[in-house]
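Please read this briefing alongside the sequence and the coordinates. It moves from the surface and overall build to a few individual residues.

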Amino acid sequence: MRKVLITGASSGIGFELAKHYASQGWQVIGCGRSLERLSALCSYSTLIQPLAFDLTDKSQVVSAFSQLPFIPDLWMFNAGDCEYLDDGCADSDVIERVMTVNVLGLSYALDAAQPHFTSGTHVAVVGSIASELALPRAGAYGASKAAVSYLIRSLALDWQKQGIETSIIFPGFVETPLTDKNDFAMPMMISAQQAAQYIARGLANHQSAIYFPARFTWILRTLSLLPYRCQQWVVSKLIRSPS
Ligand SMILES: NC(=O)c1ccc[n+]([C@@H]2O[C@H](COP(=O)([O-])OP(=O)(O)OC[C@H]3O[C@@H](n4cnc5c(N)ncnc54)[C@H](OP(=O)(O)O)[C@@H]3O)[C@@H](O)[C@H]2O)c1
């Protein structure tokens, strides 16, 4: 029986991923802070077990990963948060909060999980297409996901020698509690269920980079190839700053 651990499984994309894998007969460890929401997830299948801890507390992460009910074949590091900066304001409190969850929290989890990795382990990390192109007010979130992308691509260079497979996921807009709070247009947004399908299919096909939805992520990736000055001009013309 295949086994997966999913961080951020109490909500949104991670919730749908946990349901998807359980429906395919995988044993699932669903992680999050909220035991109440994890209990709701576990009610979908007896194959799902909850594991509650705060990713930003290193001792909690170490303790959680030292008492796993089984060793996963697939580690899905999906948990994350998003906050936008006010126009032109490099608010260090916001930047610290976002970096702490998305970058430091991920590094605590990778550090604690790594002793369990063996040849054949698959490590999947959810980044964001926002890391590919600078967008208004997305400085903290985009920078955190750019850090995630670089960290994983760098670790993957050594992990591949040990037979550890790595995938990075670059979603566009997905309808979840994270985006529910946004007050601006989110083009080509897809459901969390669709996102889970794209991710599961990409991982099954051993894709090292998984981008979706195709048209939206293709547009952003193409714009990111332009010289910075052109990127700035196009973004300022085409993408209205969130109000
Ligand atoms: N939605 C999008 O449009 C979109 C686009 C690109 C990338 N992403 C990325 O996709 C991932 C999942 O996002 P989502 O949209 O599904 O958001 P979501 O519904 O808000 O889910 C976030 C998950 O992360 C967990 N989490 C947050 N802070 C945590 C902490 N300190 N410790 C442990 N768990 C924590 C939450 O669990 P608890 O609240 O129970 O702790 C929750 O399960 C994130 O990495 C996000 O950046 C999302």
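The protein chain, shown here as a predicted model, exposes about 12,200 Å², and carbon and sulfur atoms supply 53% of that area. Of its 243 residues, 47% count as buried. The mean positions of its 18 positive and 19 negative charges lie 8 Å apart.

**Overall build**

- The protein chain contains nine helices and nine strands, and its radius of gyration is 18 Å, close to the 18 Å given by the globule rule for 243 residues, so the chain is as compact as a globular protein of that length.
- Among the contacts in the protein chain with a separation of 6 or more, 64% are made by residues 24 or more positions apart.

**Thr179 in helix α6**

- Thr179 belongs to helix α6, which covers residues 177-180, and it counts as buried because its relative accessibility is 6%, where buried means under 20%.
- A polar atom of the Thr179 side chain lies 2.6 Å from the backbone oxygen of Val174.

**Leu133 in the loop between β5 and α5**

- Leu133 sits in the loop that runs between β5 (122-126) and α5 (139-159), and with a relative accessible area of 2% it is buried.
- Apart from neighbours within four places in sequence, Leu133 is in contact with Leu220, Leu223, Ser224, Gln231 and Val235.
- The C-alpha atoms of Leu133 and Ser23, which are 110 residues apart along the chain, are separated by 36 Å.

**Ser224 in the loop between α8 and α9**

- Ser224 lies in the loop between α8 (214-223) and α9 (228-238), and with a relative accessible area of 22% it is partly exposed.
- The side chain of Ser224 reaches the backbone oxygen of Arg221 at 2.6 Å.
- With neighbours within four places in sequence left aside, Ser224 is in contact with Glu132, Leu133 and Gln231, and Gln231 is also among the contacts of Leu133.
- Ser224 and Ser131 are 93 residues apart in sequence, while their C-alpha atoms are 9.8 Å apart in space.

Conventions. Residues numbered from 1 in each chain as written. Predicted model: local features only at pLDDT ≥ 70, side-chain atom pairs only at ≥ 80, totals over all residues. Heavy atoms only, no water. Helix = DSSP H or I, 4+ residues; strand = E, 2+ residues; numbered from the N terminus. Rg over C-alpha atoms; globule rule 2.2 N^0.38 Å. Buried < 20%, exposed > 50% of the residue type's maximum accessible area, 1.4 Å probe, protein only. Contact = heavy atoms within 4.5 Å. Areas by Shrake-Rupley, 256 points an atom, 1.4 Å probe, with all protein chains shown as cover. Lys, Arg positive; Asp, Glu negative; His and termini not counted. Charge placed at Lys NZ, Arg CZ, Asp CG, Glu CD. Polar contact = N/O pair within 3.5 Å; in protein donor to acceptor, adjacent residues only side chain to side chain.
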